[in-house]
Amino acid sequence: MMRLDVARLKRSPGDSARYDLAADLPPLDISGEIIAFVGPVKAVLAVSNTGEVIEVEGTADGKLELSCSRCLKRFIYDFQAPVDEKYSLAQDGGNEEIPSVTGDFIDIAPAVLNSIYLALPMKAVCVEGCQGLCPVCGRNLNEGRCGCAAEDIDPRMSVLKELLKKDDN
Ligand SMILES: [Zn+2]
Ligand SMILES: [Zn+2]
């Protein structure tokens, strides 16, 4: 849970405040792949009361454990994600697209998790220029060459081979 204490701010339209937060957040579930945070997620946020909404803007950063899309090795990825969210101060629940402020605290974890999710690269690599796996024998080419003849093989085959290799073990 990552909470903003807005007890005072929600009663003073026009005011703003800066928040430095750190919290342990649950892992991201990206189409069934569980991606865990390494250490707390930090957020530096400017929070303002516009009279109608509490506006939250800033950045969240931290570390995630990802799998390299080329060599499949796990590595630590430093992320920084922009956070931009609004929470309605309307008493009647107001606009359905904007969550409302119901008490003295706003749980901003859902908004922060969503922005981290959006900031993730589609294909993360462990290092720039990762050599990936040999499509023939599945060897991690960052650890040395394998001697296979370089051929044009459907890259999907390497994933298949890797899966078959795991089954053998
Ligand atoms: Zn890699
Ligand atoms: Zn090979």
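Serine 115 is buried, because its relative accessible area is 10%, where buried means under 20%, exposed over 50% and partly exposed in between (1.4 Å probe, protein chains only). Serine 115 belongs to helix H1. Helices (H or I, at least four residues) and strands (E, at least two) are DSSP runs, numbered from the N terminus. Leaving aside neighbours within four places in sequence, Ala81, Pro82 and Val83 are in contact with serine 115; contact means heavy atoms within 4.5 Å.

This is a predicted model: local features need pLDDT of at least 70, side-chain atom pairs count only at pLDDT 80 or more, and totals for chains, interfaces and linings use all residues. Residues are numbered from 1 along each chain as its sequence is written, and side-chain values use heavy atoms, without hydrogens and water.

Cysteine 71 lies in the loop between strand E6 (53-67) and strand E7 (74-88), and cysteine 130 in the loop between helix H1 (109-119) and helix H2 (155-168), 59 residues apart. Both cysteine 71 and cysteine 130 are buried.

The largest nonpolar core has 42 residues, of which Met2 and Leu4 touch the most other members. Such a core is a set of buried Ala, Val, Leu, Ile, Met, Phe, Trp, Tyr and Cys residues joined through side-chain atoms within 4.5 Å.

Key:
Chains lettered and ligands numbered in written order.
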